[in-house]
Amino acid sequence: MAVDQIDRSVLIERPRSVTRSQTVPVGVNTFRTTAKIVGAVYLAGFVVGLVGSGLFQSILGATGASANLPAVAASSVLLAFGAILWLMAVAGDAAHGVLMFPILKRYHERIAFGYLAARIVDAVFIAVMVLFVLLQIPLASAFVKAAATDASLLQTVSGLFAQGQVYAYDIGMITLGVSGLMLCYTLYRAKLLPRLVAGWGLIGYAILFVGMLSEVMGSGLGLASSIPGGLWEAFVGVWLIAKGFSSSGLAQLGKDTSQIEAAR
């Protein structure tokens, strides 16, 4: 009988420790870790994208590669290094969609899937842009060895690849603008960031979206339109590493989905 009583007391006492562990909302610590990782990816993407763009422009020129095949041939290693940096940025774009998906899904499932899909499309088109850049290397190698008639043809092909590079980049940035609007809307509504910061992101990505659409039509505003969103990403990268998501927003996300829907 004494053994039975001890067993019963153990069984009765066990649930108390479980109840105490449930005082912290489920997933909140994971969301804090995710914020730091997302911030680091933002900063890394900003740096490698900036350096990669600098290498591209120094070799290909600001208007493309069609008139710079000799420069490409002389600096093919640097151009390939710049392409690797851009591919790292591509991986970061896809990682953003994957990392933010569990957080966005707790607030709005359709936005979560839309953001993930837009980030993947963005990454695919930027990867296509990098491919067009890399194709300039064998063209340049053939150009320096070609006769005058063949050189003219290679220049024409280089110009086509350069134009394909520009269009792939523009479409990728348009998609980035769409994904950024979905992200910042959720950050604003869920109060995961201060509303002034989230509002800055909304405005920045809206400018990027409109500017890149106009760039496809030949406006020349693509680079200028990317500045507000680019600066926001650098700022938010530092913010998320230092402060993470806001406590009030995390408390909301720590609730069941049904509770979040009722509080909206």
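Which residue forms a salt bridge with D93, and how far apart are the closest N and O atoms? R119 does, at 3.2 Å. Here are some notes to go with that.

1. **Ground rules.** This is a predicted model, where local features need pLDDT of at least 70, side-chain atom pairs count only at pLDDT 80 or more, and totals for chains, interfaces and linings use all residues. Residues are numbered from 1 along each chain as its sequence is written, and side-chain values use heavy atoms, with hydrogens and water left out.

2. **Overall make-up.** You'll find ten helices and zero strands in the chain (helices are DSSP runs of H or I with at least four residues, strands are E runs of at least two, numbered from the N terminus). Of the 264 residues, 38% are buried, meaning under 20% relative accessible area; exposed is over 50%, and partly exposed is in between (1.4 Å probe, protein chains only).

3. A salt bridge here is a side-chain nitrogen of Lys or Arg within 4 Å of a carboxyl oxygen of Asp or Glu, and the count comes to two. Shared partners join D93, R119 and D122 into one network. R119 counts as buried because its relative accessibility is 2%, and D122 is buried at 0%. D93 is buried too, at 16%.

4. **The core.** The largest nonpolar core holds 54 residues, and Y42, W232 and F245 have the most contacts inside it. (Such a core is a set of buried Ala, Val, Leu, Ile, Met, Phe, Trp, Tyr and Cys residues joined through side-chain atoms within 4.5 Å.) Helix 4 gives the largest share, eleven residues. Y42 touches, among others, W232, H96 and R119, leaving aside residues up to four places away in sequence; contact means heavy atoms within 4.5 Å.

5. **A surface patch.** F46, V47, L50 and V51 form a nonpolar patch on the surface, with about 340 Å² of accessible area together. Patch residues have over 30% relative accessible area and no salt bridge; like charges are joined within 9 Å, nonpolar side chains (Val, Leu, Ile, Met, Phe, Trp, Tyr) within 5 Å. Areas come from the Shrake-Rupley method with a 1.4 Å probe, and for residues only the protein chains shown count as cover. V51 belongs to helix 2 (residues 28-60) and is partly exposed, at 41% relative accessibility.
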